[in-house]
Amino acid sequence: MTQPAIKVEGLWKEYVVGSAQRTHSTFYDLLSHSLKAPFQRLRNLGGATDDVNQFWALKDVSFEVQPGEVLGVIGRNGAGKSTLLKILSRITSPSRGRVTVQGRMASLLEVGTGFHPELSGRENIFLNATILGMTQKEVARKFDAIVDFSGVEKFLDTPVKRYSSGMYVRLAFAVAAHVEADILLVDEVLAVGDAEFQKRCMGMMSDVARGGRTVLFVSHNLTALRNLCTTGLLLQGGQTNGFGKIGDVLNRYVSNRTNGVDGSIELLDNNPDQPACVRRITVMPTGKDAETPLTVSADFSIKIQVDIREADREISVFLHCHDENQNRVFSTGSFFNQQLQGLKLAAGLHEFECRVPGNLLNNGEYSLDVMLVRDRTEVIVTESAIVSFRIHDEPLGIEGWNWPAVGIIRPNLSWIHNG
Amino acid sequence: MKSDLQEEFFGHKHTTVIEPPKGWHMLNWPELWAYRELLWVLTSRDIKVRYKQTVLGAAWAILRPVLTMVIFSVVFGSLAKMPSDGFPYPVFVYAALLPWTFFATAISTSGQSLVGSTNLVSKVYFPRLIIPLSSIGAGLVDLAISTGILLLMMLWYGVGWSVNLLAAPVLLLAVIFIALGVGTLLSALTVAYRDFTHLTPFVVQIWMYVTPVIFPVSLVPERWQWLLYLNPMTGLIEGFRSAFLGKAFDMQGLGISFLMAVVIFVIGITYFEKVERRFADII
C-alpha cells in the first residue's frame, strides 16, 4: 500500500480583509477607527482575527493525490486555486486542517523567482536554482543542460537586464525545468511568453507528467488540462465541487457555469487588487431583451460589463469562443475596432459590446473565455469558460430536405446557376 | 552529517506536514542549517550587487568609512576639541565607527530586507529568517575592509597592536547578536507597518548619539554613566576601543552588554518566528 504523495485533510484558509476597505459614515467613525486601527493590525499580526472582516478562501477542502498522478485544479478566479497552491507550497499557512506531502516538493509559481537584473545569466542560474530548492552540487551538475535548454550560452556573462524579454523567460524557464522534485506544484507560469515558448513549456510539462512525477497543475487552459492531467479537482467558492477523472471534472466545470439559454452571469468581485475586473457577461439577441432565445439567423450581442479601478489605462476585452468539442471558433478583441484603440477608461463601470452577425455560427452550445488586456499586451484577468450560450436550430424549411446542416459554422451562402 | 541534514530536508523521503501555526515556537535550527546554501547565495548576491554600475566600485567600501572618519575628526576632534582619552582622535573615533557603521547598516538593511524581497516571500518557501540574515552577512565584507584600514592607521599614528585585538571577534559576535535581534524585529514589524521604514533612520541616528562613538564615556559625569550602559552598544563600543587601543577592558560594562545582546537576540528571533508564517498574507 503506497502512501499518497499529497494528502489534504479538511483544509480551511481565512483571510482578513484589510480594514482600509471599510467605509466611514461619519468623521467620528473615521477618527475612532483610525485610532483603533493600529491595535487591530497588531492583533491580526499576532493571529487574532476580527470576525467582521473575515473571508474564507478555502472551506474544508480534502483530497489525495497518488504518486505519479497529474492533478489539474480548475475553478473560476477567486475559487481558491491560488490559495491552495500557496498553502501546499508553504508560502502561507492554513487556518485549519492538515496537509501531508511525501517526497521532495518544488513549487513553480512564477518563472525567474529571485532573478536579479544586475547579475549575469550564469549567476542568476545559481541564484534561481538555489531558491527553487536545488543544492549547489546539483546546479553545477545540471548547469550545462540548463544553458543548453535556454539557448542563451552566448550571453551567459551579460547582466540579465540587457536580455530581451524572450531570452529572460527562456533562461528562467530552463532553470525551472531542471528542478529535481518528486512533486511539482505548477501555477500558470505557462501563460507567459510567445506561442513558440508556450509550446515548449507544454512539451516539458507533458514530459514531466509522463515521467512518473506527481504534478499539481493550476490552469485556465482547458485544453492543456485535458491533455496533461489524469485527475481533476474543481473548486468553487473555496469548496470542492468535483474530484475525479479529468474529463468528468472538466465537463462539470463547463456545464456548471451555463445559465441555460440566456447565457448571462454576474461575477463577484473577489480580487480588489486587480486594476480591473469583469462584473457581468450577457449574451442576447441584438436589440431584443435577454429572454429571447438565440437563433441561427439572428444577430446577437455579447455584452461585458467591466469594473475599472486603475483609471486612465487602456483596458480592452478579449474573447475566445469555443464549441461543445472545445474547438476554438473565433477570437476577437475590442481593440480590433480601430476607434477603440488607445481608449483610456475612467474608473467605474463600463460596458463593451461585441456584435456577432446572424448566419455565422451553427446551432449548438458555445462557451466564452473573457480576458481583460492592459495596453494591448498584458492579460490581467482571465475568466475561462465563464459563460455558455445555446444557439437554437432553425429548420431550413426546404421541402423534401430534412437533414441538419452539419459544420462548425453555418453561413448563408448564395447559389447561382451559371448556365 | 552535513549530507544527512540536506537529505532530510531536500531528500526524496522527506515528509512535509503543513498545519496551522500554533502559538509561540522556537526557531527550527536544523532547517535553517539545511538552507545555509541559500543564505550563502543570497549574501553573495547582495555583495555582488552592492557596487554594480558604480565607477569606484568596491572602493566605496573604503571611502565611506574613511570620509566619515575624516569629517568626524575635523568637526569633533579639531573644531569641538572632543576629549579622546589621550589617543589620536582619528584612531579613537574610527575604532568606534567601525563596529557602529556595521551595526547601523545591519539594522537598517535588514529592517528593509523583507519588504524589499516581496517577490521571494510571496512566491517560494524557505525559512524567512534567511532574508534579514543575508543582508547582515553582506555588511561583514565592508567591516573586514575597514578593519584593515584601521590596523594600517594605527601603525601610522603609532598606536601599537596589542593582544587585546584577540577580543575583537568575540565583541563582534555580540554586535551581530544585537543587530540580528533588532534587525529581525524591525524587518517583521516593517512588513505590517511601513511606518518603520521612516522611523528606522531616526532611531539609528539617535542611537548613535547615546552611544560613545564620537565621545568617550569619561565625558559623562560619573554618576550619570550608568544611564549610558542601559544601551547595549555602549559596553561593546567601549570594548572595541579597548581592543584596538590596548586599554583595559571594562568587564562590568561588557557583561551587561553581552547579557542584553542575548536577550535582544532571543526577543527578535522569537517574535520573527511567531509572525513569520503570516508574512505572505500581509506583505
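Analyst: Helices (H or I, at least four residues) and strands (E, at least two) are DSSP runs, numbered from the N terminus. On that basis, A:Arg90 sits in the loop between helix 2 and strand 4 of chain A. The model is predicted.

User: Why does A:Arg90 count as partly exposed?

Analyst: A:Arg90 has 19 C-beta neighbours inside 10 Å. Buried needs 20 or more, and exposed needs 12 or fewer. A:Arg90 therefore counts as partly exposed.

User: What is said of the phi of A:Arg90?

Analyst: The phi of A:Arg90 is positive, about 65°, although A:Arg90 is not a glycine. Most residues other than glycine have a negative phi.

User: What phi does A:Asp60 have, and where is A:Asp60 found?

Analyst: A:Asp60 is not a glycine either, yet has a positive phi of about 55°. A:Asp60 lies in strand 2 (residues 54-65) of chain A.

User: Why is A:Asp60 called partly exposed?

Analyst: The count inside 10 Å is 14 C-beta neighbours, so A:Asp60 is partly exposed.

User: How do you know that the length of helix 12 of chain B is close to what is expected?

Analyst: The expected span is 1.5 Å times one less than the number of residues. Helix 12 (residues 251-275) has 25 residues, and 36 Å is expected. Its first and last C-alpha atoms are 36 Å apart, close to that figure.

User: Which helices do the buried residues of helix 12 of chain B pack against?

Analyst: They pack against helix 8 (168-192) and helix 11 (232-245) of chain B. Buried residues of helix 12 include B:Leu254, B:Phe258, B:Phe265 and B:Phe272.

User: What makes up the largest nonpolar core?

Analyst: The largest nonpolar core has 174 residues. Those with the most contacts inside this core are A:Leu216, A:Phe217, B:Ala95, B:Val175 and B:Ala179. Leaving out residues up to four places away in sequence, B:Ala179 touches B:Phe103, B:Ala106, B:Ile107 and B:Ile136.

User: Which domains does the assignment give chain A?

Analyst: The domain assignment gives domain 1 (8-58), domain 2 (60-255) and domain 3 (260-392). The C-alpha centres of domain 2 and domain 3 of chain A lie 29 Å apart. Their contact takes eight residues from domain 2 and eleven residues from domain 3. On the domain 2 side, helix 7 (222-228) and helix 8 (246-256) of chain A give two or more residues. By class, that side has three nonpolar, four polar and one charged residues.

Definitions and conventions:
Residues are numbered from 1 along each chain as its sequence is written. Chains are lettered from A and ligands numbered from 1 in the order in which they are written. This is a predicted model: local features need pLDDT of at least 70, side-chain atom pairs count only at pLDDT 80 or more; totals for chains, interfaces and linings use all residues. Two residues are in contact if their C-beta atoms, placed from the backbone, lie within 7 Å. A nonpolar core is a set of buried Ala, Val, Leu, Ile, Met, Phe, Trp, Tyr and Cys residues joined through C-beta atoms within 7 Å. Domain bounds come from an automatic or database domain assignment. Ala, Val, Leu, Ile, Met, Phe, Trp, Tyr, Cys and Pro count as nonpolar, Asp, Glu, Lys and Arg as charged, and the others, Gly among them, as polar.
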